[in-house]
Amino acid sequence: MIPRLHQRTHTPHDPLEVALGRPLSPTEGLTEHTIVAHWPGLDHFTLDDERKSWTSFEWAEHVEEALLEHPFAASPDDDRRAILHVDVRLHPEDRELTGSEWAEVAHRLTWATGIEIPGKESGCRWIAVQAQPGRLDLIANLIHLDGAWHAPPADILRRLADQARRIEQDLGLIPARPTTQPSAPTASGQLASVLTQLADEQTGPLATVRGLVEHTAHRIARQPGAAGTDTAHRLELIARRLHAIQQDLDATAAHLVQPRAVAAPAAARRTAHRRV
């Protein structure tokens, strides 16, 4: 099980589309087989039958609500990107998990990140989406209902990785491959490192640009008039293209460091040819 922390965003719409693997729909309802877990406080506000008919847009609005109620809430370093997105992926040969097992995975990940504190119902709103084989997406709003900001722990990636190892053991899953001892950097490895830094979801320059574009689109979309809506849509398309570029850079970096088959020395090939 491999956890991945995505760059935070201003709205949950794009992360939810990534989790579903398709655009959001104002008509398609998401069942409990897709939304396998959610913020416990939701049980006090809605009935089970009501949630079963919620569309993907309505689930996104549910996660976003605290952000809309507290538009000026920000982190200690004045970052207003309040939507946290984490996904975990199983080994390709792992067995299929049941709905209750996916729900357990979701809750344990929220505990590891501090998004949910067992017994506390007034914390962050979050949903867990299981829409693609072997994958679970956790989408959370870091703004509490009272407007307080939840700061994720500085070692959130280590906590996610540690929890993933415990989940693998408890559920009998195939463990992630152990990391190998780093070797001396090669020219390809150094170039791959540069591409990886460019595409980094947390600190890369493309991530910064993409975040600014998404923020601008979000603000323009709230202005009245068709012109604003059209401009916001164009900016969203630009943000998606930037995300595609980040993914292409990641794939190129991975290709650079893949081991290549070593050709037999010329002398050995000539000797083998004479023996035929």
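User: Why is Glu104 called partly exposed?
Analyst: Glu104 has 32% relative accessibility. Buried means under 20% relative accessible area and exposed means over 50%, with partly exposed in between (1.4 Å probe, protein chains only). Because 32% lies between those limits, Glu104 counts as partly exposed. A word on what we are looking at: this is a predicted model, in which local features need pLDDT of at least 70 and side-chain atom pairs count only at pLDDT 80 or more, while totals for chains, interfaces and linings use all residues. Residues are numbered from 1 along each chain as its sequence is written, and side-chain values use heavy atoms, leaving out hydrogens and water.

User: What makes Arg108 buried?
Analyst: Arg108 has a relative accessible area of 12%. That is under the limit for buried, so Arg108 gets that label.

User: How do you know that Glu104 forms a salt bridge with Arg108?
Analyst: A salt bridge needs a side-chain nitrogen of Lys or Arg within 4 Å of a carboxyl oxygen of Asp or Glu. The closest N and O atoms of Glu104 and Arg108 are 3.0 Å apart, so the pair qualifies. The two residues are four places apart in helix α4 (residues 99-113), which means that about one helical turn separates them.

User: What makes the pair of Arg135 and Asp87 a link between distant parts of the chain?
Analyst: Arg135 is in strand β5 and Asp87 is in strand β3 (residues 83-89), 48 residues apart. Their side chains meet in a salt bridge at 3.8 Å, N to O, and both residues are buried. Arg135 and Asp87 also belong to a network of salt bridges, together with Arg89 and Asp137. The structure holds 15 salt bridges.

User: How do you know that α4 reaches close to its expected span?
Analyst: Helices (H or I, at least four residues) and strands (E, at least two) are DSSP runs, numbered from the N terminus. The expected span of a helix is 1.5 Å times one less than its number of residues. α4 has 15 residues, with 21 Å expected, and it reaches 21 Å from its first C-alpha to its last. Just after α4, Gly114 takes a positive phi of about 80 degrees.

User: Which elements do the buried residues of α4 pack against?
Analyst: They pack against β2 (35-38), β3, β4 (126-132), β5 and α5. Trp102, Val105 and Leu109 are among the buried residues of α4. Leu136 touches these three, and its other partners include Val36, Val86 and Ala128 (contact means heavy atoms within 4.5 Å).

User: Which residues touch the most other members of the largest nonpolar core?
Analyst: Leu16, Val105, Trp126 and Leu136 do, in a core of 50 residues. A nonpolar core is a set of buried Ala, Val, Leu, Ile, Met, Phe, Trp, Tyr and Cys residues joined through side-chain atoms within 4.5 Å. A second, separate core has 13 residues, including Ala192 and Leu242.

User: Why is the pair of Trp54 and Trp59 called edge-to-face?
Analyst: Rings of Phe, Tyr and Trp (its six-membered ring) pair if their centres lie within 6.5 Å; planes under 30 degrees apart count as stacked, over 60 as edge-to-face and the rest as tilted. Trp54 and Trp59 are 4.8 Å centre to centre, with 70 degrees between the planes, so they are a pair and edge-to-face. Trp54 and Trp59 are buried.

User: Which elements have the lowest and the highest mean pLDDT?
Analyst: Helix α9 (residues 266-275) has the lowest, 46, and strand β5 (residues 135-141) the highest, 96. pLDDT is the predictor's confidence in each residue, from 0 to 100. Where pLDDT is low, the predicted coordinates should not be read in detail. For the protein chain, the mean is 81, and 82% of its residues reach 70 or more.
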